Amino acid sequence: MREEEYLELLIQSLKKKLLLLNRISVLNQDQRDILQDENADPDAFDINVRDKDDLIQQIVTLDAGFDEVYAHIKELMERDHSAYEEQLEEMRGLIRQIMANDASIRVEEQRNYKLAQQKFAAVKKQVREVKASQKMVNSYYQNMMKQSRYQPQYMDRKK
């Protein structure tokens with residue numbers, strides 16, 4: 001493979017990473033909507049998290065491939081930097097976009113984490129309330145059953 005082909009491969013890798021980061025950002029917005037919706041299906045949250053995990057795994061794979069290819073041509077690029085200035089400038093621009101998206105995603109993730117904590121705390125509170133209500137219902141039922149155990153009794157005081 002020629003050096004230009006390696007550089008093009010690196011550029012394509014960066015473009016794909018940028019696309020994956022954009023998809024993660026969209027999934028973060030969906031996740032925020034799910035967490036803010038009182039009637040949201042809990043499975044929707046799980047699906048969203050799995051989809052994001054799949055995208056993250058793709059990014060990890062892309063990064064590993066990028067590092068491997070870059071290590072292969074690093075010495076050449078440092079030695080003959082000016083010959084590949086156009087490709088390097090395109091890569092710099094893509095890396096700037098990736099860094100900006102990464103920072104934005106980190107902020108979104110932090111916001112969603114706080115929303116998830118609030119949502120889970122509310123669910124936990126509801127579970128406690130339901131358990132307390134169930135306990136009261138059971139207690140009431142047991143008391144009523146004890147009362148019905150004895151038949152009404154009348155004493156005839158006439159003799």
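## Terms and basis

A residue is called buried when its relative accessible area is under 20%, exposed when that area is over 50%, and partly exposed in between (1.4 Å probe, protein chains only). A salt bridge is a side-chain nitrogen of Lys or Arg within 4 Å of a carboxyl oxygen of Asp or Glu.

The model is predicted: local features need pLDDT of at least 70, side-chain atom pairs count only at pLDDT 80 or more, and totals for chains, interfaces and linings use all residues. Residues are numbered from 1 along each chain as its sequence is written, and side-chain values use heavy atoms, with hydrogens and water left out.

Across the whole structure, the search finds ten salt bridges. One of them pairs K15 with E90, at 3.5 Å from N to O. Because K15 belongs to helix α1 (residues 3-36) and E90 to helix α3 (residues 85-147), this pair ties together parts that are 75 residues apart in sequence. Helices here are DSSP runs (H or I, at least four residues), numbered from the N terminus.

Both partners are partly exposed: E90 has a relative accessible area of 35%, and K15 has 37%.

E4 and R2 form a salt bridge of 3.3 Å, N to O. R2 is exposed at 52%, whereas E4 is partly exposed at 32%.

In the bridge between D33 and R32, the closest N and O atoms are 3.9 Å apart. D33 is partly exposed at 41%, and R32 is partly exposed at 24%.

Definitions and conventions
Helices (H or I, at least four residues) and strands (E, at least two) are DSSP runs, numbered from the N terminus.
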